[in-house]
Amino acid sequence: MIPHSFDYKRASSVEEAIEILQNGSYAKVLGGGHSLVPALKLRLNAPETLVDVTRIESLKGITIEEGTLIIGAANTHHEIATSAEVQNSLSFLADGASAIGDVQVRNKGTIGGSIAHADPSADWPALLLAANAQIVIQGADGTKTVAAQDFFTGFFSTVLEESDIITQIRIPIPPAGTKSTYQKFVQPASRFAIVGCAAVKEPSGTTRVAFAGVSDYAFRDEAVESASSSGASVEEAASKAAEGVSIMSDHYASEDYRKHLAKVYARRALVEVS
Amino acid sequence: MEIKISVNVNGKNYVREVEPRTLLVHFLRDTLRLTGTHIGCDTSSCGACTIHVDGVAVKSCTMLAVQADGSSITTIEGLAQGAELHPLQEGFKECHGLQCGFCTPGMIMTAADLLAKNPNPSEAEIRHGLEGNFCRCTGYHNIVKAVQYAAEKMGTEISA
């Protein structure tokens with residue numbers, strides 16, 4: 001399958017990428033290309049220009065500064081999965097990254113590309129919601145920081161404007177004694193999540209629980225969170241999962257089955273963090 | 001508009017003009033005539049098109065040739081040393097790790113990435129490492145044995 005014809009530009013800085021995106025032609029940002037290239041091949045999208053941001057140095061690197069884990073947007077899933085900084089500070093993110101796709105996908109796909117694409121079955125959105133991450137976005141009007149909870153707005157939709165570039169993902173390192181996990185029921189061919197449940201429980205009891213694959217977009221399940229945070233049993237908290245949200249249905253999993261899986265995976269996640 | 005790219009493939013430098021939409025697998029097969037890399041599903045699932053770009057396994061059907069500009073690429077044609085098969089190639093032959101052979105180049109390239117990162121993988125680690133490669137003939141058992149054969153041989157060669 002051959003994509004529609006397009007121009008290819010390789011940006012050497014975020015500013016240059018933004019300038020190209022503002023040029024007027026219909027342009028898309030190219031990260032690892034593991035969502036965009038398949039979409040182009042299927043001709044689901046036909047941009048006039050692709051702006052490759054993967055060689056911009058400032059989008060790389062994983063560091064810890066003042067209690068915050070900072071992941072450059074162009075890091076691949078493999079780089080994050082094998083990063084000592086991530087493994088030592090928020091190991092469930094490394095575990096989650098190593099559960100994405102397969103080794104070839106993890107070698108190319110990037111965290112920034114994944115969250116910009118906002119596939120409802122992708123793992124990063126749920127992981128970043130549970131981690132209470134902040135997304136740093138550079139655009140024509142400067143830089144802004146958006147909480148993960150405000151970043152995802154719908155089916156394949158985010159707050160990103162046409163000329164915005166995600167530059168960093170910033171994650172506060174939780175207090176010592178925090179437990180976290182990512183439990184995933186995998187679609188065996190694509191290895192996307194049919195249901196993925198990320199959970200973080202701090203020593204104070206505060207619990208964050210987020211789902212991938214269940215609804216039109218990843219979401220924090222406040223009913224499960226408040227039950228768990230206020231000391232409800234795992235069974236009781238998990239029974240509240242995925243209530244009151246619209247639930248996806250496709251030929252892999254019906255609405256009822258997904259809802260059932262959401263409760264099962266909420267329970268597994270809560271057992272891990274309790 | 002065509003773009004000039006420069007790549008090193010199996011130790012040989014190539015400079016070619018490509019359309020930006022040219023997939024890397026088409027560049028390898030149709031432009032460089034290296035047809036050992038196969039196109040299976042063409043949707044990033046099956047792994048038949050797996051090659052190494054700068055030392056790591058990637059699916060060449062899901063990468064544009066322009067993204068590989070400046071990179072070093074290894075394909076299945078680049079593994080053997082002259083007439084001497086790579087231990088993985090030998091392992092697939094000795095352990096009957098293939099039937100139709102269509103998935104084999106991708107299997108071997110992914111397994112080579114695995115063994116580079118983990119020279120002594122367990123059976124579970126081999127199966128996890130090969131998740132991105134589908135075989136529709138063998139049921140995978142002999143593929144796992146072939147990788148174990150290669151791991152042992154490569155370990156022996158290193159320590160010898």
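**Two chains, one model: a quick tour**

Let's start where the chains meet: the contact draws 25 residues from chain B and 23 residues from chain A. Keep in mind that this is a predicted model.

Which elements of chain B supply at least two residues each to the side that touches chain A? Strand S4 (56-59) and helix H3 (104-117). S4(B) gives the most, with 4 residues. As for the make-up of that side of chain B, there are 9 nonpolar, 10 polar and 6 charged residues.

Now chain B by itself. Its domain assignment gives domain 1 (3-78) and domain 2 (87-159). The centres of domain 1 and domain 2 of chain B, taken over C-alpha atoms, are 21 Å apart. The two domains touch: 14 residues of domain 1 of chain B are in contact with 11 residues of domain 2 of chain B. On the domain 1 side, strand S3 (50-53) and S4 of chain B each bring at least two residues.

Strand S1 (residues 3-9) and strand S2 (residues 12-18) of chain B run antiparallel, joined by 7 bridges. One pairing to find on screen: B:Ser6 has B:Val15 in S2(B) as its bridge partner. The hairpin of S1(B) and S2(B) has 2 residues between the strands, and B:Asn10 takes a positive phi near 50 degrees.

On to chain A, and a sheet. This is an open sheet of 5 strands, in the order S4-S5-S10-S6-S7, with antiparallel pairing. Which strands stand at the edges? Strand S4 (62-65) and strand S7 (142-147) of chain A do; each has a single partner strand, so one side of each has no neighbour in the sheet. From one strand to the next, the twist averages 25 degrees.

Inside that sheet, 5 bridges join strand S6 (residues 134-139) to strand S10 (residues 165-172) of chain A. A:Ile135 has its bridge partner in S10(A), namely A:Ile169. Helix H1 (residues 14-21) of chain A packs on the sheet and touches S6 and S10 of chain A. The direction of H1 makes about 130 degrees with that of S10(A).

Next, the interior. In general, nonpolar side chains tend to be buried together in soluble globular proteins. Here, the largest nonpolar core has 128 residues. Those touching the most other members include A:Ala198, A:Phe211 and B:Ala111. Leaving aside neighbours within four places in sequence, A:Ala198 is in contact with residues including A:Phe92, A:Gly96 and A:Tyr182.

A:Phe92 and A:Gly96 bring us to helix H5 (residues 91-98) of chain A, where they are buried along with A:Leu93, A:Ala94 and A:Ala97. What do the buried residues of H5(A) pack against? Helix H3 (77-81), helix H4 (84-89), helix H8 (123-130), strand S11 (179-186) and strand S12 (193-201) of chain A.

Last stop: A:Val264, in helix H12 (residues 255-273) of chain A. Why is A:Val264 classed as partly exposed? Because A:Val264 has 16 other C-beta atoms within 10 Å, while buried takes 20 or more and exposed 12 or fewer.

Terms used. Residues numbered from 1 in each chain as written. Chains lettered and ligands numbered in written order. Predicted model: local features only at pLDDT ≥ 70, side-chain atom pairs only at ≥ 80, totals over all residues. Contact = placed C-beta atoms within 7 Å. Nonpolar A, V, L, I, M, F, W, Y, C, P; charged D, E, K, R; others polar. Domains from an automatic or database assignment. Core = buried A, V, L, I, M, F, W, Y, C linked by C-beta atoms within 7 Å. Pairing = 2+ DSSP bridges. Axes fitted to C-alpha atoms, helices over the stretch in contact; angles between N-to-C directions.
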